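Here is a colleague's note for someone opening this entry for the first time. Please read the points with the viewer at hand.

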Amino acid sequence: MKDWIKNAVIYQIYPRSFCDSNGDGIGDINGICSKLEYIKELGATCIWLSPVYKSPNDDNGYDISDYRDIMTEFGTLGDFKVMLATAHSLGLRVIMDLVINHTSDEHEWFKLARTDPKYRDYYIIKKGRGKKPPNNWSSFFTGPAWERFDGGDDYYLHLFSKKQPDLNMDNPAVREEIKGILRFWLDLGVDGFRCDVINLISKAPGLPQGKRSIALRGREHYVNGPRLFEYLKEFRAVLDEYDTLTVGECVLLTAQDALNFVAGENPPLDMVFSFEHMSVDNIFKWLYVNPNFKRSKLKKALSDWQHRLIEGGGWNSLYFENHDQPRSVSRFGNESLRTESAKMLATLLFFMQGTPFIYQGQELGMTNPGFDKLSDYRDVETFRADGLMKRMGFTKKMRMKRIKYMSRDNARTPIQWDDSVNAGFTNGEPWIAVNANYKKVNAKRAIQSPDSVLNYYKRLIALRAMLPVAVYGDYTEHYPRSNRFMIYERKYGGATLLVICNLTAKDVDLVIPKGLDISEGRVILCNYPNISAVLQPYEARVYYLGGKPLNE
Ligand code: ISL
Ligand code: CA
């Protein structure tokens, strides 16, 4: 694994919601370009752009109609090249989203599939069983994963929305197309890819019936499918002609299975995004949500991945937020103790072993917007889920409770740049409403206030860069069953870090693990001005024990 990847801090941009440069209410590439200095100042070393390719936006760019061009609302390929050059001149690498499990139904290939057998074989198109689809698989966005093809008796597979037909990766011509796309962007200077639902690209031959299941029926036939690694290796060979970073979004993956992706000689990916810590408070997102979930469940998910990947010679990705997940303060922290809990969560995450990811606005401690009306939401998944819950007999109140808590739009409200109209995101009408708290929570104010979440992130990133133990150290968790605090230790080259976090809104007695002497140590980071024998609400404290003295 390359050292620059281990030392990277990656900032995720969801372009639609980041910064609008021309007043049409939609974030764009020139907007991103105008904020690269801000990202550099934060200390990030790389940005990941959610899809910017041509798209009819059924799923905000995750439905691509042309892989070699930029979405009209976002700008032009020329704008992209300027942005890339500007980022590189600031020392920021840029990785793109690679969405190859499916295209848009408006992609040229899918249009041609109606008349040209060559392109028909680019997709997974099959005869139905009488009036029924070819099998019983269900879509991630609820309902059957099949839609009638061109109004006839055939069906096409779509694991996501019906405007996202799955590609037939078993067709070598499709794989050649993908390699061409990789080369196109790598030759432009892009530094790698975040690979969307990459462990779903190989489907079992014959597309067998799925086992009975309340959700994602059929998943045993396409999660980590039979030819997945063969295909990943093929793509890796192209990527390895360049100096790249790849992180694969792998759904329903266990830490043990993750080793097949990221450990050993020439693993197919550098890192994977895991989901275990994203499901501690819900069952299949909509069936059941529990904001008061046991904190030890979250700790266990995180520590399992730490232990297994470290022992197995892999490398973790570290994240609490992305464009699909609610804001972490609202979920794992506390909106009433917003800054304290945002800083605590940042500490908890950043000192683990792995490459940290920051999702835009996380560094400001942005919260869920709390939209009460379904009409305030924009996400295709949210509407599909509302329909499903309705069919299941959930009352309006129950549905809104779940949507308010889990909707992906929680992370998709515009970035709050300042306290002017629309938080400085746009001069026009934003495509989705701005969070009402923008007068208080915004980047301008955060930059000026020494105690802001933003300035804490800067300190955290700077510290990580100074401390090899924070990057390379091994990992031991203490008191894993506690629901009140999380304590873990990192060790490397004679240095030890001790990270202590209060996970609650109450004071908690400080417990020092046996055998550790903190009297010799030094607190190198804390989210409160004063420390005592009691951990204050959401207090986070990092001790540096032993090793060379720090030269700051
Ligand atoms: O939102 C989810 C996690 O709670 C999943 O249902 C999500 O759809 C899944 O993780 C796959 O996500 C990725 O692919 C989708 C796209 O809608 C997501 O935005 C993307 O991150 C289809 O391309
Ligand atoms: Ca715009």
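**Notes on the model**

1. Start with Val99. Val99 sits in the loop between β5 (93-98) and α5 (108-112). Helices (H or I, at least four residues) and strands (E, at least two) are DSSP runs, numbered from the N terminus. Val99 counts as buried because its relative accessibility is 0%. Buried means under 20% relative accessible area, exposed over 50%, and partly exposed in between (1.4 Å probe, protein chains only). Leaving aside neighbours within four places in sequence, Val99 is in contact with Pro51, Tyr62, Ile64, Tyr67 and Asp196. Contact means heavy atoms within 4.5 Å. Val99 and Phe141 are 42 residues apart in sequence, and their C-alpha atoms are 16 Å apart in space.

2. A word on the basis. This is a predicted model, in which local features need pLDDT of at least 70 and side-chain atom pairs count only at pLDDT 80 or more, while totals for chains, interfaces and linings use all residues. Residues are numbered from 1 along each chain as its sequence is written, chains are lettered from A and ligands numbered from 1 in the order in which they are written, and side-chain values use heavy atoms, with hydrogens and water left out.

3. Look at the oxygen atoms of ligand 1. One is 2.8 Å from an N or O atom in the side chain of Asp196. For Lys285, the distance from a side-chain N or O atom to an oxygen atom of the ligand is 3.1 Å. For His323, a polar side-chain atom lies 2.9 Å from a ligand oxygen. Taken alone, ligand 1 exposes 490 Å², and the protein buries 94% of that. Accessible areas come from the Shrake-Rupley method with a 1.4 Å probe; for residues, only the protein chains shown count as cover.

4. His323 is found in the loop between β14 and α11. With a relative accessible area of 1%, His323 is buried. A polar contact of 3.3 Å joins its side chain to that of Asp324. A polar contact is a pair of N or O atoms within 3.5 Å; within protein, one must be able to donate a hydrogen and the other to accept it, and residues adjacent in sequence count only if both atoms are side-chain atoms. Asn322 lies in the loop between β14 (317-318) and α11 (328-332). Asn322 counts as buried because its relative accessibility is 8%. A polar atom of its side chain lies 2.7 Å from the backbone nitrogen of Asp324. Asn322 also touches Gln12, Tyr359 and Ala411, not counting residues up to four places away in sequence.

5. Now the calcium ion (ligand 2). Asp20 (OD), Asn22 (OD1), Asp24 (OD), Ile26 (O) and Asp28 (OD) coordinate the ion at 2.2 to 2.3 Å. Donors are N, O and S atoms within 2.8 Å of the metal (3.2 Å for Na, K and Ca); water is not among the atoms, so sites may look incomplete. In sequence the donor residues are spaced D-x1-N-x1-D-x1-I-x1-D. Both Ile26 and Asp28 are buried.

6. Ile32 lies in helix α2 (residues 29-34). Is Ile32 buried or exposed? Ile32 counts as buried, at 0% relative accessibility. Leaving aside neighbours within four places in sequence, Ile32 is in contact with Ile13, Pro15, Phe18, Cys19, Leu49 and Met83.

7. Check two backbone angles. Asn57 is not a glycine, yet its phi is positive, near 65°. Asn57 is placed in the loop between β3 (53-54) and β4 (66-70). Leu216 also has a positive phi, of about 50°, although it is not a glycine. Leu216 is in the loop between β9 (192-195) and α8 (228-239).

8. Last, Pro291. Pro291 lies in the loop between β13 (288-289) and α10 (295-311). At 33% relative accessibility, Pro291 counts as partly exposed. Pro291 and Tyr405 are 114 residues apart in sequence and 8.3 Å apart in space, C-alpha to C-alpha.
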